[in-house]
Amino acid sequence: MLSLNPPHENGPPTPSADPHARSRLGVQIKSGLSYFRSATHGGWWFMCNAAHASYWLGHSLPVLVMLYNPKTRKVYWQHVSNHTAVSTGKAWKVLVPEDQELNAQSMADLRPLARTASQVSALGSLLTWGVTGNEEEHLWEQNSELYRHLLSARLHMLFPEVVAIRQIHAHIWSADMDVWLKSGLIIEVALVCPFSRLDKILAQDRYVPLVIVVCGARDLNDCPQMQEASIEPPFFFATWSPEAGDDDSLRQAMEDALRWIDPPLDTMDEG
């Protein structure tokens, strides 16, 4: 993790030992001339596997890739995002531009990307099961957009059949995202936090499956809003937190929703 302090005179921004430093970024540093062999117009391609790309895109901090050239003793950087990370089919690549050298002037470019300590703290509170009451609702309002971004990145990594994910406004409709699949099918996704009420969502008549993600929860059995609810398809529940590193519940709910909307032929014959 990199904490941005004001740069030394004639030097680049430096990591800080102060845990309360204001701005933070995740950094993956690679050193060696081999990383500069895949030159292209305007920079160098940094290659990585799908697992690394998924981890960086889903991280709670923005992640930078930095390449250090030991011959010139210069460092070049790129922000890993949905705009800069490109799938090649079997792997991923990120263009590290030659005009993004790490130096004293980099502060102006890096600071807008960084998350403040208060944002990181609030996100950690939101994504950890233990939010106990409506007094935490302001955290949800502040961080739900970031959570949607992280979840969207994870769904793209988990399901190759995802074509696009469109974010919509939950206060207008019960879902937060439309997940479009190659088969032309749609699965909607709603985000709820531990204190959310499900009455209005579960009372809807639906023709498209809805995956309800309880944000930050570790186990559905611990979710108080599910203890008295009668939950049946087309509603499917999952728990997911980018910090937990466990996608099983999310993957299962999405697969169940897909089977409900597009059942296998042998299941249809049995019916």
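Student: What makes the 5 strands S10-S11-S12-S13-S14 an open sheet, and which are the edge strands?

Tutor: The 5 strands form an open sheet in that order, with mixed pairing, where two strands pair if DSSP finds at least two bridges between them. The edge strands are S10 (162-167) and S14, since each pairs on one side only. This is a predicted model, in which local features need pLDDT of at least 70 and side-chain atom pairs count only at pLDDT 80 or more, while totals for chains, interfaces and linings use all residues. Residues are numbered from 1 along each chain as its sequence is written, and side-chain values use heavy atoms, with hydrogens and water left out.

Student: How do you know that S12 and S13 pair?

Tutor: They share 5 bridges in the parallel sense, against a requirement of at least two; within this pairing, Val192 has Val214 of S13 as its bridge partner.

Student: Why is the contact between Arg154 and Asp247 called a salt bridge?

Tutor: The term requires a side-chain nitrogen of Lys or Arg within 4 Å of a carboxyl oxygen of Asp or Glu, and the closest N and O atoms of Arg154 and Asp247 are 3.7 Å apart, so the pair qualifies. Arg154 lies in helix H4 (residues 137-158) and Asp247 in the loop between strand S14 (235-240) and H6, so the bridge ties together parts that are 93 residues apart in sequence.

Student: What makes Arg154 buried?

Tutor: Buried means under 20% relative accessible area, exposed over 50%, and partly exposed in between, with a 1.4 Å probe and protein chains only. Arg154 has 13% and is therefore buried, and Asp247, at 14%, counts as buried too.

Student: Why is Arg259 called partly exposed, and what joins Arg259 to Asp256?

Tutor: Arg259 has a relative accessible area of 40% and is therefore partly exposed, as is Asp256 at 27%. Their side chains meet in a salt bridge of 2.4 Å, N to O, and, being 3 residues apart in helix H6, the two are separated by about one helical turn.

Student: How do you know that the span of H6 is close to the expected value?

Tutor: The expected span is 1.5 Å times one less than the number of residues. H6 (residues 248-261) has 14 residues and reaches 20 Å from its first C-alpha to its last, close to the 20 Å expected.

Student: Which residues of H6 are buried, and what puts them on the same side?

Tutor: The buried residues are Leu250, Ala253, Met254 and Ala257. They cover an arc of only 95° around the axis, which puts them on the same side of H6, the arc being that of the directions from the helix axis to the C-beta atoms.

Terms used. Helices (H or I, at least four residues) and strands (E, at least two) are DSSP runs, numbered from the N terminus.
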